[in-house]
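I opened this model to look up a few local details and kept notes as I went.

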Amino acid sequence: MFLEYISLQNFRNYRQQEVSFNTALNLLVGENAQGKTNLLEAVYYLLTCRSFRTETDREMAAWESGSFYLKGAVQQQAGRKLAEIGFQTPSKLQIKINGAVVQKRSHLFRFPVVFFGPDDLCLVKEGPAIRRRYLDLVGSRAEPQYYRILKDYHRVLRQRNRVIKEKRFTVSFKKNLEIWNEPLVGLGSKLIKQRISLLNRLGVWCKELFFNLYSKSQVLTLQYMCTVDHHGDLDNLAGHFYRQLCLKQAEEEIRGYTLLGPHLDDFNISLNHRLAKVYSSQGQQRVAALALKIGEIQLLEFISQEKPVLLLDDVFSELDFERRGQLLNFLKNKGMQTVITTVVPLEQLLPSRDNPGRIFSVREGRVVETAP
Ligand SMILES: Nc1ncnc2c1ncn2[C@@H]1O[C@H](COP(=O)(O)OP(=O)(O)O)[C@@H](O)[C@H]1O
Ligand SMILES: [Mg+2]
């Protein structure tokens, strides 16, 4: 799928602007605070009715205005669609597809779009909760069964935690806990297996980006880190899980919550078998985080048979000249519509003979197409 054009009225620092996009690469070049990220936000909002920056629609209305209006045309396999979103303070929102009003909920997954920005570095740098959330979001979007297992597991986990918290100092504690061990182990083992298989699929797609940017010198690997010690014996995962859970009972009684299971798992992101979080440069970490997003996109594309639109905010700052060119080439070969913002001037981005697609300069809320 691709976005033909977007038109903005009173959206953040834009008064009135129309931008026509190329079906492949589009570069938005400009200094800081000119409106590059705002334009990506407008595209993302038009396609999903959600912002990656704020929960409050009103924030996106130009300060002196209190309302905004976005319009654009999207080409999908099923045909061309005209999308419109209008907002008026305090909270009047109207979404139209081909002129007909639609509900916000139905709009969310209509157009596949993926945003990657500076904050996504946390996928590599921060604690396990963020990576579990990433896996669970990707898994749930990819497979309804994943979502069902995840939801059921968390329901059982909540019940079991409540028993530990409320009954731990009573005589019936062991009996009460026992009721929840089996469903926790059953659902937990299913969830672990789903995650391992998902991570294996993502791993294959993530590797490709590193291969294209660094050739064979850097190999990216993803490894699921399970709190249940299964010694690679996944056929007997539930048995291992159950035995180890029973051994944790005394400690659970003291700490007051469930100490074993996929709700505590993580995955390692390694470059040449060293943890990226610890040993890699910020630039490499950013490429690793981007690789996870690329993996997600390819999985979504595989499932929906529609190429998502990719929005990349400021990915070049930490890459050297050669890597910038390789990344542009990689994205070009992927054949999905990509909009990239950059503060890096064009001459530091590409050799002059390369034409990456359409190039726009962004300045004080105005977008102008420039010759490459
Ligand atoms: N609701 C708004 N109305 C008008 N201007 C806004 C609004 N929200 C943010 N801005 C302005 O937009 C500019 C930031 O734009 P942004 O797209 O984030 O810049 P960059 O080009 O660095 O990505 C800032 O100058 C900010 O003051
Ligand atoms: Mg920005």
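I took a polar contact to be a pair of N or O atoms within 3.5 Å; within protein, one must be able to donate a hydrogen and the other to accept it, and residues adjacent in sequence count only if both atoms are side-chain atoms. The model is predicted, so I noted that local features need pLDDT of at least 70 and side-chain atom pairs pLDDT 80 or more, while totals for chains, interfaces and linings use all residues. Residues are numbered from 1 along each chain as written, chains are lettered from A and ligands numbered from 1 in written order, and side-chain values use heavy atoms, without hydrogens and water.

**Ligand 1.** I found a polar side-chain atom of arginine 53 at 3.3 Å from an oxygen atom of ligand 1. Polar backbone atoms also lie by ligand oxygens, that of asparagine 38 at 2.7 Å and that of glycine 35 at 3.0 Å.

**Asparagine 212.** I located asparagine 212 in helix 6 (helices are DSSP runs of H or I, at least four residues, and are numbered from the N terminus). At 31% relative accessibility, asparagine 212 counts as partly exposed, which means between buried, under 20%, and exposed, over 50% (1.4 Å probe, protein chains only). Its side chain reaches the backbone oxygen of glutamate 208 at 2.8 Å. Leaving out residues up to four places away in sequence, I recorded that asparagine 212 touches Gln326 and Phe330, where contact means heavy atoms within 4.5 Å.

**Helix 7.** I listed Leu237, His240, Phe241, Gln244 and Leu245 as the buried residues of helix 7 (residues 237–247). These buried residues pack against helix 5, helix 6 and helix 8.

Methods. Helix = DSSP H or I, 4+ residues; strand = E, 2+ residues; numbered from the N terminus.
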